[in-house]
Amino acid sequence: MVYSRDTELYRRDVKSRGREFTAEERETLLKPYLPPVPELLAPSKGSSRRSGVRKVKKRRQKPIRSFLKSKLHVVLYFAVHLVFGIYLRLRQTYHAVIDRILTLLYYHHRTPELIQKDVKNLSRLPEHLSVVLTLKGEEDGGLESLMEDVAELSAWCASIGIPLLSVYEKSGILKSNMRSLHSLVFQRLSSYFGASQTPSFRLHAPSYPSYPPSATTTPALLPTTSTETTPSATQPQRRRNINVLLLSSTDGRDTLVDLTRTLAEMSQSHKLHPRDITQDLIDAELSATTSISVSPPYQPASPTQMPTMPKNQETITTMSKEPDLLIIFGPYVKLDGYPPWQVRLTEIFCVGESGGGNSGRSGGRVEYQGFLRGLGMFAAAEMRFGR
């Protein structure tokens, strides 16, 4: 119960803005009306009244429980990483061992006949094969290793009769080294087929002249696609040139941007009506960036007659169709700027972890087993183009 006298004294002090009483007098005035002080907050005997600090009796805590509560997330994080690390290492080791075994069992020995034997049971082969390669560091070979991979892929395609191979490398360094690449591919084809039966081939690149400027005058004989292992001596063999198309990131997104800008400028200048901009027009313009110029095929008069150059030596410009199969030599699917318009209906195959070593340093290595698995996947794929 608050007494009227204390209430009057308190209001008088409030009106005087605290000048009526001192702090000690106000504390004495309010002390009878305050609740009792708890025992835990009661001042100890040795404490000083001037400091005004009240010591709180601490409750004894269990150290083990406190440690588990504070470090539980660290233990769980380490356990999850340990389990997944062991799983990934075992998975990489398994793929590496299987890949080494398959390499020993199905090595081509740079013999086209063995390569043809490996793919003879496939129901179909791609007419246009595309690959995605990565430029490695200098410690892993750099440009020289990249060119070696292109040479090997060209020899494998020539052995099984794939007429067009497109190689995508993001930086475009292969385009500036077409002469050296042509020499290396020629040497590799010679080691596979022999000097007298080396297939004729040309290097192409968008906005670059083809190399060599004219087709080779001595194309090689490529095997027929017949299922017979020993074709008849009277049956003529098919002749086909090998074309290698070099692509980079500038042939993808940049090409789309340039085409869009060009069509917009032509529409604004009334050179092209907006109704004329159709999907067929865009498809034709984008396909023109990756078109290749090939010579007319050589037609021997008889199986025993040596091939001769045709009378009409004019080249025919063939629009390179979309790739039937895209093989990514890497641990995961990464197009890395590949021209998107050219892969609308393309089967994409990623070599995966078997494309690199167990250490993970040499990921993206081109191997014959990955090449064969990609062809096998394409042969077993079911094409559903819709309506």
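Mentor: We will take the sheet, then a helix pair.

Mentor: This is a predicted model, where local features need pLDDT of at least 70, side-chain atom pairs count only at pLDDT 80 or more, and totals for chains, interfaces and linings use all residues. Residues are numbered from 1 along each chain as its sequence is written, and side-chain values use heavy atoms, with hydrogens and water left out.

Trainee: What order do the strands of the open sheet have?

Mentor: The seven strands run S4-S3-S5-S2-S1-S8-S9, with mixed pairing. Strands (E, at least two residues) and helices (H or I, at least four) are DSSP runs numbered from the N terminus, and two strands pair if DSSP finds at least two bridges between them.

Trainee: And which strands stand at the edges?

Mentor: S4 and S9 (347-350); each has a single partner strand, so one side of each lacks a neighbour in the sheet.

Trainee: In what sense do S3 and S4 pair?

Mentor: Antiparallel, over two bridges, with S3 at residues 201-205 and S4 at 208-211. Leu-203 has Tyr-211 of S4 as its bridge partner. In their hairpin, with two residues between the strands, Ser-207 takes a positive phi near 65°.

Trainee: What about S1 and S2?

Mentor: S1 (residues 128-132) and S2 (residues 164-168) pair in the parallel sense over five bridges. Leu-129 stands opposite Leu-165 in S2.

Trainee: Switching to helices: at what angle do H5 and H6 cross?

Mentor: Roughly 45°, and the axes of H5 (residues 142-160) and H6 (residues 178-193) come within 9 Å. Axes are lines fitted to C-alpha atoms, for helices over the stretch in contact (heavy atoms within 4.5 Å), and angles run from 0 to 180 degrees between N-to-C directions.
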